[in-house]
Amino acid sequence: MKKLLAVIWFSVMTFNALTINVYANEVVTKEFIGKHTGIKHPVTVILPTYYNKAQKYNVVYVLHGYSGNHTDWTTKTDIETLADRFNVIIVNPDGGYDSWYIDSKIKKNSLYETYITKDIVNYIVSV
């Protein structure tokens with residue numbers, strides 16, 4: 001009986017090992033300075049496993065919450081798997097500690113709406 005259970009257990013474990021999805025996408029973080037705003041922050045980009053520079057991809061921009069940063073989605077979720085599943089590029093810009101992603105009328109150098117919509121988007125399209 002012990003041998004039979006061992007064989008069944010081994011068979012189940014082998015089957016499970018064969019059905020596990022393995023993702024080997026690329027996560028790249030680059031320091032970026034906005035041309036329109038001069039804002040300097042890192043941006044994290046997740047490329048699908050079979051990324052081909054010659055191919056066009058849909059791009060998903062994912063913003064972090066208050067007091068977060070560009071690493072929140074990659075360290076607190078498994079968002080990398082979505083790049084493969086949907087064959088998209090995922091961009092995680094850093095919006096600063098408390099910018100709320102707006103162009104502030106009070107803080108003249110806080111131009112995060114422009115930073116995201118122009119600087120980051122133009123940068124991603126150009127690379």
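What is the mean pLDDT of the protein chain, and what share of its residues reach 70 or more?

1. The mean pLDDT (the predictor's confidence in each residue, from 0 to 100) of the protein chain is 85, and 81% of its residues reach 70 or more. Over residues 2–23, however, the pLDDT is below 50, and beyond near neighbours in sequence this stretch has three contacts in the model (contact means heavy atoms within 4.5 Å). Where pLDDT is low, the predicted coordinates should not be read in detail.

2. On the basis of the values: this is a predicted model, in which local features need pLDDT of at least 70 and side-chain atom pairs count only at pLDDT 80 or more, while totals for chains, interfaces and linings use all residues. Residues are numbered from 1 along each chain as its sequence is written, and side-chain values use heavy atoms, with hydrogens and water left out.

3. Helix H4 covers residues 112–126, and its 15 residues reach 20 Å from the first C-alpha to the last, close to the 21 Å expected at 1.5 Å a residue (the expected span is 1.5 Å times one less than the number of residues; helices are DSSP runs of H or I with at least four residues, strands are runs of E with at least two, and both are numbered from the N terminus). Its buried residues are Tyr112, Thr114, Tyr115, Ile116, Asp119, Ile120 and Ile124, where buried means under 20% relative accessible area, exposed over 50%, and partly exposed in between (1.4 Å probe, protein chains only). The cover over these buried residues includes strands E1 (26–33), E2 (40–47), E3 (59–61) and E4 (89–93).

4. Leaving aside neighbours within four places in sequence, Val59 is in contact with Ile89, Val91 and Ile124; the C-alpha atoms of Val59 and Ile124 are separated by 8.8 Å, although the two are 65 residues apart along the chain. Val59 counts as partly exposed because its relative accessibility is 30%.

5. The count of salt bridges comes to one, by the rule that a side-chain nitrogen of Lys or Arg lies within 4 Å of a carboxyl oxygen of Asp or Glu. The side chains of Asp72 and Lys76 form it, at 3.7 Å from N to O, and both residues lie in helix H2 (residues 72–76), four residues apart, which is about one turn of the helix. Asp72 counts as buried, because its relative accessibility is 16%, whereas Lys76 is exposed, with a relative accessible area of 64%.
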